[in-house]
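Please look over the sequence and the structure below before reading on. The report then goes from the whole chain to the place where its parts meet.

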Amino acid sequence: MSKELLEGVAERLLAAAKRHGATAADVVVAESDALEVAVRLGGVEKLKQARQKHLGLRAFIGDRSAVTSSSDFSPEALEKLAADSCKLAAILAADPFSGLPETEDLATQIPELDLYDAGVAALSAEEAIDMARQGEQAALDADARITNSEGAECNASTARVLYASSGGFTGSYSSSGISLSVVPVASHNGAMQRDYWYSSQRHLADLENPAQIGKKAAQRALRRLDARQVRTCEVPVVFDPQMAAGLLHHLASAISGYALYKGTSFLVGKLGERIAPGFVTVVDDGTLPGRHGSKPFDGEGLATRRTMVIENGVLKSYLFDTYSARKLGSRSTGNASRSVGSSPHVSPTNFVLQAGSAAPEEIIGSVKAGLYVTELIGHGINGTTGDYSRGAVGLWIENGELAYPVEEITIAGNLLQMYAAIEMIGNDLDYRSSVIAPTVKIGKMTVAGN
Amino acid sequence: METREPVAFFLDRFGLSARNLEDTVSSAIARRADYADIYFELRTLQSLSLEDGIVKSAGQHVSQGAGVRVVAGDKTGYAHSDDVTIESLRIATRTAQAIAQHGGEPGSVAVRPAKLTHDLYHLKQSPSDVALDDKVELLNRIDVAARRQDSRIKNVLASVVAEHKIVVIASSAGFVVGDVQPLVRLNVTCIAEENGRREQGTYGGGGRVEYSYLLEDDRYLRFTRTAVEHALRNLHATEAPAGSMTVVLGPGWPGVLLHEAIGHGLEGDFNRKKVSAFSGLLGKQVASPLCTVVDDGTMANRRGSLNIDDEGTPTGRTVLIEKGILKGYLQDRLNARLMGMPLTGNGRRESFAHIPMPRMTNTFMLSGESTADEIIGSVDRGLYAAYFGGGQVDITNGKFVFSANEAYLIEGGKVTRPVKGATLIGNGPDVLTRISMVGNDLHLDEGIGTCGKDGQSVPVGVGLPTIRIDALTVGGTQAG
């Protein structure tokens, strides 16, 4: 649908909500086109194509609100959606903190952030299959011990999102995404190991070369062969950039206004306190051109911005949308995120641990005996207390060198203590997703093994 | 809510005829394809939630659409649309067909109505149709009960979510069949605070049941009480141990162990591709002779149950492990055909926007002979894990984890003090060989499980009697 058609649907829905008694309302309309291909052992395994659309309405009756959503855009469906939304809202308890943002807080201009690549939209199934084939082939060719494959996938998608509210905001933007992943299986002495590598970008030209992705995936699988357990011990743990990004995800969850007012965050009451060493700086920035987490306005029509989250180790800001900010007597930081079928919640935009000066080799070189983590599994994070315990895979460090692969171990600690124990930050920052970090060394954690 | 027969319901809703279905399936399989189907879905999801003492949010979400799938060899073509018309089905068919070579025999497939062989969740009223006021009142009662139980409870988060799903599958195997699938879940989380320490406890349950199930025998109050107890117990939990030790799993939800350690590894797709740690082990000893594990999609009213899977195959009861010997895999159509194995009714998908794959339903271990007291009494020093969060597995090397949310030390054959949550890690193909005692107390979980695979979530169930595992690595912080 064109921008004008989407706007027309949103206008009709806002008008219908008003007719059914809504005192205020907002609408999200999203449509997307997606192509997914998978190749395995050289043959096409999957070809999937789809166009989807969905819209959501949040209707307020005074300070009560409910959300309804549907994929049916027919006039009758819109009318029913508005009626249902108002009916649902009416049965709820009054909540004095609810409501649309103040009009003066709404974004007044919509910046062009280079989020859309027509080349991604134009990518054909044949081209996607070809990229996936090249990626997988490079992995299969890398070493005789790459004996099998879970395949390679190439996904391309484009989307248009429109947000409109009775508070006087209407905005829309287009975005695109292209990704390529390769998952080879290595085997040796009768045991198999799988690993992967991927690249994901908004622009086709920025995608890592398919053969490079395949080669890297193969190297990652190969270095896991003949992995063993280690004895239970307390040692320094070095997180590779992908795993370090996980530590940042936990931080983002803990500074969300919702976790804070519900009391389910280990960072309640820590604003203004030092929670990490002085060389630790974390920034949330939704305005970076072309990045995964960028958007011209947030899920309530506020301008996105750059927020200093941790500055020189001190926790400077939480992240809020309008509701969670009002609950805590604060102001939105432009971090409202809105999926079609839900009320706003808080998400980081581009959430980045600023690079340090050490090369990753230097960081590994600083460890006499410890763990280099390359994969974590399980959900062993308690957001309320910060207690952390996860299954880990990686390489054991001996005298500053990666010595041998390890598996079937766990690493455990508490996030507050882990952030405070950051000893080094790498210079290897790569904008491969919206939450990113360089290599990070944590002084001491418990590694459980045999 | 719609009570008509699903096939008639969709044909009417989208202005299609039975002939249109036959024509679409026939044209989908016209090239050199092995199989084709169309999947229609209408899903309504209604949710109400409480926090800070008030029911303050509500949602109602409707999604509908159809997906056309064409399978040729090990290739799958898939296209879906949320606009369902003859024209959109034609376009989807053309797209899905692209994976099959030209030159097949154009013909026509007769698609005849099939009857359901199970009727596992025939309800008087779908939970999504129950008056909203009743649900608001239930949530309010939960809030009052939790706070009344203990003054250290500072906040209560509770939600009731009801789903109503109507599906129809028209298949080139010559049938069209539909199902109406209700589902409800109640969730209670309590936040407790004492001396500046904050902890939470969560409990809940549900299934493909009448809404009144939540009220029977004050079930909702039992869920609430359990969530409160979890939160309070956590206030006094000490650091969990680290290292390899004897672990006793309590009955019920700790069956997550089976789901992660062996269930995924026995799904047909991974075994056909020989990327599972269980590949080639059929007929081999993979567990102690005390262990018999089944996957059963035919249990009345359970969250993981279905009358038919999402390819229209009646669900079944599949013995995965019998007295320690690996007996079977879980299959969808594509993998069963390529492996020359029988269909098991495990072809599931999250929605019309997803391609089916082999998935579990309700996975559990049958009861053994020991009592829970005998099992705990046999352990001099170890961990008793009573309740879990989620888990995860690496299919290829067999390593799996699951997170104990409620755990205690066992000292001198007795359960003693509570310890903090910790991840347990083991190796799928050998963890069940270390099971030395199996209890006589099989329980199924309360109806809260959701399984994720390749980006698709589906509701599942698990179950377990009390079991003793002689050695498992516990990922606490207290080394030595």
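What follows describes a predicted model.

## The chain as a whole

Chain A contains 10 helices and 20 strands, and its C-alpha trace spans about 70 × 55 × 35 Å along the principal axes. The radius of gyration of chain A is 24 Å, which agrees with the value near 22 Å that a compact globule of 450 residues would have.

## Two domains

The domain assignment divides chain A into domain 1, covering residues 3-222, and domain 2, covering residues 227-450. Taken over C-alpha atoms, the centres of domain 1 and domain 2 of chain A are separated by 24 Å.

## Where the domains meet

The size of an interface is often given as the accessible area lost when the parts come together. Between domain 1 and domain 2 of chain A, the buried area is about 3,100 Å², and carbon and sulfur atoms give 52% of that area. In terms of residues, 40 from domain 1 of chain A are in contact with 35 from domain 2 of chain A.

Across this interface the rule finds 4 salt bridges, and it also finds 14 residue pairs in polar contact, with both residues at pLDDT 80 or more. On the side of domain 1 of chain A that touches domain 2, the elements that give two or more residues are strand 1 (24-40), strand 2 (43-61), strand 3 (64-70), strand 5 (169-188), strand 6 (191-194) and strand 7 (197-201) of chain A. Sorted by class, that side of domain 1 of chain A has 19 nonpolar, 10 polar and 11 charged residues.

Methods: Residues numbered from 1 in each chain as written. Chains lettered and ligands numbered in written order. Predicted model: local features only at pLDDT ≥ 70, side-chain atom pairs only at ≥ 80, totals over all residues. Heavy atoms only, no water. Domains from an automatic or database assignment. Contact = heavy atoms within 4.5 Å. Buried area = accessible area lost by both parts, 1.4 Å probe. Salt bridge = Lys/Arg side-chain N within 4 Å of Asp/Glu carboxyl O. Polar contact = N/O pair within 3.5 Å; in protein donor to acceptor, adjacent residues only side chain to side chain. Helix = DSSP H or I, 4+ residues; strand = E, 2+ residues; numbered from the N terminus. Nonpolar A, V, L, I, M, F, W, Y, C, P; charged D, E, K, R; others polar. Rg over C-alpha atoms; globule rule 2.2 N^0.38 Å.
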